[in-house]
Amino acid sequence: MKTQKLLPILTVLLAGAAAAQTFSPDTEKSRVASDQLVKQFGAVPKPTSGVQVGGVMKALSNEYWQLLRTGYLKGAARYGVKVDAQAPSNESDQIGQLSMMNTMIGKGYKALLISPQSDVNLLPGIVRADKTSLVINVNDAVAPTAQHFVGNIQYDNGVSVANYLLKTFPKGGQVAVIEGQAGVYAAKQRTLGFKTTLAKNPALKIVASVPADWDRQKAFSTARDLLRRYPDLTAFYCNNDTMALGVVEAVKASGRLGKTLVFGTDGINAAYDSIKKGELTGTVDSFPVLTGEVAVEVAVRLLAGQKLPKVIATPQALVMKDSIAKYEQFKK
């Protein structure tokens with residue numbers, strides 16, 4: 001009996017894994033930039049009164065998801081819908097996240113904005129929601145069977161940091177990558193963009209590329225060990241800001257502050273504060289508040305019957321001390 005119950009779930013996961021091999025938001029041709037929505041599709045339609053949207057995020061322990069939630073609430077107020085935004089206590093509670101999604105489906109929410117913890121953990125929920133709810137994948141891990149994706153071009157994230165290092169260190173140096181959770185789309189693409197671009201100068205050698213699972217303490221320990229092995233390390237590129245801040249602590253403890261550069265990803269407020277202090281070198285800000293607002297706008301448009309491309313690409317930018325004032329407006 002247990003085997004019979006597991007078979008449909010396994011079928012869904014296998015189908016999703018196969019779809020993941022063919023769908024990539026970074027290369028999908030059916031796309032529009034978020035700042036072109038009004039130009040191409042007109043004003044945002046007025047939603048039906050009382051429309052409820054669910055937001056299933058990865059974990060509110062990470063400030064990025066807190067900011068995304070802020071964006072959802074701003075979008076709800078702006079476009080006239082209600083948003084119930086929730087997340088598990090940590091970024092590895094895949095079963096808990098699926099349970100949250102199933103609860104929202106049971107409540108009859110018209111649209112679900114999901115940010116999966118892995119590329120497959122919410123696939124059973126998508127199958128269940130298919131007949132009752134619109135499902136929009138919002139950034140990070142990719143749920144390939146969701147109808148639409150809202151978020152950044154993850155590959156370009158790594159490209160922007162690599163280009164800075166190519167320009168700044170033409171004579172070369174040693175570089176380390178602190179990856180996110182192994183197998184997650186965002187981590188894979190950010191790392192791939194960084195490595196592919198940095199390879200243009202063989203003198204800039206990547207001496208290590210290690211997952212730290214989005215965790216600050218793991219990133220600190222990994223960076224500390226790497227700095228002992230490579231005391232003249234030129235730079236760290238980290239797949240998120242939480243890990244980057246852990247790396248900063250390791251760099252400070254080793255006496256390398258100002259000598260070993262540290263770059264993060266996400267643009268959380270704590271990263272901005274660290275940049276202002278002259279500790280974190282930079283972050284690729286993916287503007288989570290804006291992304292949350294755009295996701296709600298996309299949901300409202302789709303629920304009104306508009307036909308949008310599969311991918312709605314949101315902006316990102318490499319933010320450093322000399323440019324931080326330009327981007328602080330997007331933190332509110």
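Why is α9 largely enclosed by the rest of the structure? Ten of its 13 residues are buried, so the rest of the structure largely encloses α9. Buried here means under 20% relative accessible area, exposed means over 50%, and partly exposed is in between, with a 1.4 Å probe and protein chains only. Before going further, keep in mind that this is a predicted model, where local features need pLDDT of at least 70, side-chain atom pairs count only at pLDDT 80 or more, and totals for chains, interfaces and linings use all residues. Residues are numbered from 1 along each chain as its sequence is written, and side-chain values use heavy atoms, leaving out hydrogens and water.

Let's stay with α9 for a moment. Helices (H or I, at least four residues) and strands (E, at least two) are DSSP runs, numbered from the N terminus. The buried set in α9 includes D241, M243, L245 and V248. The buried residues pack against β7 (173-179), α8 (216-229), β9 (235-238), β10 (261-266), α10 and β11, with contact meaning heavy atoms within 4.5 Å. From its first C-alpha to its last, α9 reaches 18 Å, close to the 18 Å expected; that expected span is 1.5 Å times one less than the number of residues. At the start of the helix, a side-chain oxygen of N240 comes to within 3.3 Å of the backbone nitrogen of T242. After α9 comes G255, with a positive phi near 75°.

Now for the charged side chains. Side chains of opposite charge can pair when their charged atoms come close. A salt bridge is counted when a side-chain nitrogen of Lys or Arg lies within 4 Å of a carboxyl oxygen of Asp or Glu, and by this rule there are eleven. Within α9 (residues 241-253), E249 and K252 sit three residues apart, about one turn of the helix, and their side chains form a salt bridge at 3.7 Å, N to O. E249 is partly exposed at 31% relative accessibility, and K252 is partly exposed too, at 35%. K252 also forms a salt bridge with E279, at 3.2 Å, N to O. Since E279 lies in the loop between α10 (269-276) and β11 (282-285) and K252 lies in α9, this pair ties together parts 27 residues apart in sequence.

Seven strands make an open sheet in the order β1-β12-β6-β5-β4-β2-β3, and the pairing is parallel; two strands count as paired if DSSP finds at least two bridges between them. At the edges are β1 (31-33) and β3 (82-86), each pairing on one side only. From one strand to the next, the twist averages 20°. As for β1, three bridges join it to β12 (residues 311-313), and R31 stands opposite V311 in β12.

Two helices that pack on this sheet round out the tour. Helix α4 (residues 94-106) touches β2 (52-56), β3, β4 (111-114) and β5 (134-138), and its direction makes about 175° with that of β2. Helix α11 (residues 288-303) touches β3, β4, β5, β6 (148-151) and β12, and its direction makes about 155° with that of β5. For these angles, axes are lines fitted to C-alpha atoms, for helices over the stretch in contact, and values run from 0 to 180 degrees between N-to-C directions.

Note on methods: Polar contact = N/O pair within 3.5 Å; in protein donor to acceptor, adjacent residues only side chain to side chain.
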